[in-house]
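Student: Could you walk me through the aromatic contacts in this model, and then a strand and a helix?

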Amino acid sequence: MKFKGFVFNFVYVSILVLGIFQESVNGRPLLLSVDRPRPDDVAVFARWLVCQNSWGVLSTISTNWGGAPFGNVVSFSDGLPDKGKGIPYFYLTTLDPTASNALKDQRSSLTISEYNLGTCGKKDPENPTCAKITLLGKLKLLDGDSKEAEFAQTALFTKHPEMKGWPKSHKFQIFKLDIENIFMINWFGGAKPLTVDQYLQTKMLKKEKNFAMKALQASTSYSIGFGISRAAPPPRPSGHRHVILAQVEPSEKSVEIMRKFSEQYARKSSTYFCVDKGVTSVVIKGLAEHKDTLGAPLCPCRHYDDKAAEAQQGFWNCPCVPMRERKECHCMLFLTPDNDFAGQEQAITLDEIKETTAMLVVLVEYKEAEFLAL
């Protein structure tokens with residue numbers, strides 16, 4: 001399993017480097033030439049998710065079933081491939097309920113899953129690390145003679161060539177979703193805060209020389225427990241570090257305090273550390289950083305508008321309330337025995353923490369040197 005995880009990371013990066021077509025779960029070939037952003041880069045991740053997808057579930061208010069929500073699978077495009085603008089456009093006919101509903105009540109939402117791209121691996125579509133986004137707003141019919149309609153038609157026909165041959169008698173028209181709110185989950189901890197302005201004004205990541213390293217960074221520093229290997233890397237080459245495990249390197253004293261606490265609480269709660277100690281190490285260092293900067297071990301796996309206020313309130317201080325009440329640890333620090341990623345250990349040494357967190361950096365540096373040598 002250790003070697004397999006290492007090979008997986010290598011193959012994944014190689015696919016990105018070569019720009020090979022990847023077969024998605026629905027059998028449609030997709031070229032993921034824009035690398036998967038880091039989950040904490042919320043606006044860029046949302047734009048990537050919309051741009052790389054080609055279909056979703058468009059929901060409208062049904063006029064035929066007493067105002068019940070009506071979800072329909074539809075094709076869409078937000079622009080030319082890898083140059084999306086973030087606004088979804090649709091080619092619809094009023095012979096279908098979606099368009100006829102929108103002409104009477106524009107309130108709509110479009111839901112898109114990362115699972116369609118084939119980048120979720122074996123994870124279930126409902127797993128928080130397999131991203132999903134819902135764009136809510138008004139579904140509006142475009143003026144067929146407008147420049148926006150011309151842009152939208154080019155975007156749609158480029159992404160969906162079949163549309164050009166759809167029957168003229170069905171009178172297809174171009175609609176767009178005027179976005180008003182955004183709901184996205186791409187990691188543990190609930191929906192990510194994202195405004196429409198932030199979403200629309202962000203710039204898409206372009207394909208560049210070091211895009212493979214950024215993809216590997218995302219797969220190591222965020223996909224913990226889903227394929228990271230502890231296999232010893234080759235000798236460390238020269239280069240710059242790309243994995244930042246903490247915004248501020250925590251003191252060794254705090255790391256040791258949180259290490260001992262983690263061991264004691266694992267025994268007390270009859271839980272276990274992750275089978276990959278790199279996961280445990282990263283979380284412990286995150287807790288130690290918050291202990292240094294906030295005076296409390298605030299959960300490092302969530303987004304907070306005001307960290308200081310959250311630390312003072314105490315709900316998410318480790319062990320958080322969900323962990324104490326239901327043994328739910330979003331950070332995967334304390335895992336119940338039936339968890340697929342639970343190991344058999346309740347102990348970790350300070351040396352292990354140093355070694356495993358440093359190993360992530362070394363692995364990325366090695367991959368960067370190997371990539372640049374191509």
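This is a predicted model: local features need pLDDT of at least 70, side-chain atom pairs count only at pLDDT 80 or more; totals for chains, interfaces and linings use all residues.

Student: OK, how many aromatic pairs does the structure hold?

Tutor: There are 13 aromatic pairs, where rings of Phe, Tyr and Trp (its six-membered ring) pair if their centres lie within 6.5 Å, and planes under 30 degrees apart count as stacked, over 60 as edge-to-face and the rest as tilted.

Student: Why is the pair of Trp65 and Phe70 stacked?

Tutor: Their ring centres are 5.8 Å apart and the planes meet at 20°, so the pair is stacked. Trp65 is exposed, with a relative accessible area of 54%, whereas Phe70 is buried at 19%; buried means under 20% relative accessible area, exposed over 50% and partly exposed in between, with a 1.4 Å probe and protein chains only.

Student: And what about Phe76 and Phe90?

Tutor: That pair is tilted, because the centres are 6.4 Å apart and the planes lie at 50°. Phe76 lies in the loop between strand S4 (69-75) and strand S5 (89-92) and Phe90 lies in S5, so the pair ties together parts that are 14 residues apart in sequence. Strands here are DSSP runs of E with at least two residues, and helices are runs of H or I with at least four, numbered from the N terminus.

Student: Which charged end sits over the ring of Phe76?

Tutor: The charged end of Lys159 does, 5.7 Å from the ring centre; the criterion is NZ of Lys or CZ of Arg within 6 Å of the ring centre and within 35 degrees of the ring normal.

Student: Switching to S5, which way do the side chains point?

Tutor: Tyr89 and Tyr91 point one way and Phe90 and Leu92 the other way, and all are buried. S5 runs antiparallel to strand S8 (residues 173-185), joined to it by 4 bridges, and strands count as paired if DSSP finds at least two bridges between them. Tyr89 has Lys176 as its bridge partner in S8.

Student: Last one, what span does helix H7 reach?

Tutor: H7 (residues 252-269) has 18 residues and reaches 25 Å from its first C-alpha to its last, close to the 26 Å expected, which is 1.5 Å times one less than the number of residues. Ser270, which follows H7, has a positive phi, near 55°.

Conventions. Residues are numbered from 1 along each chain as its sequence is written. Side-chain values use heavy atoms; hydrogens and water are left out.
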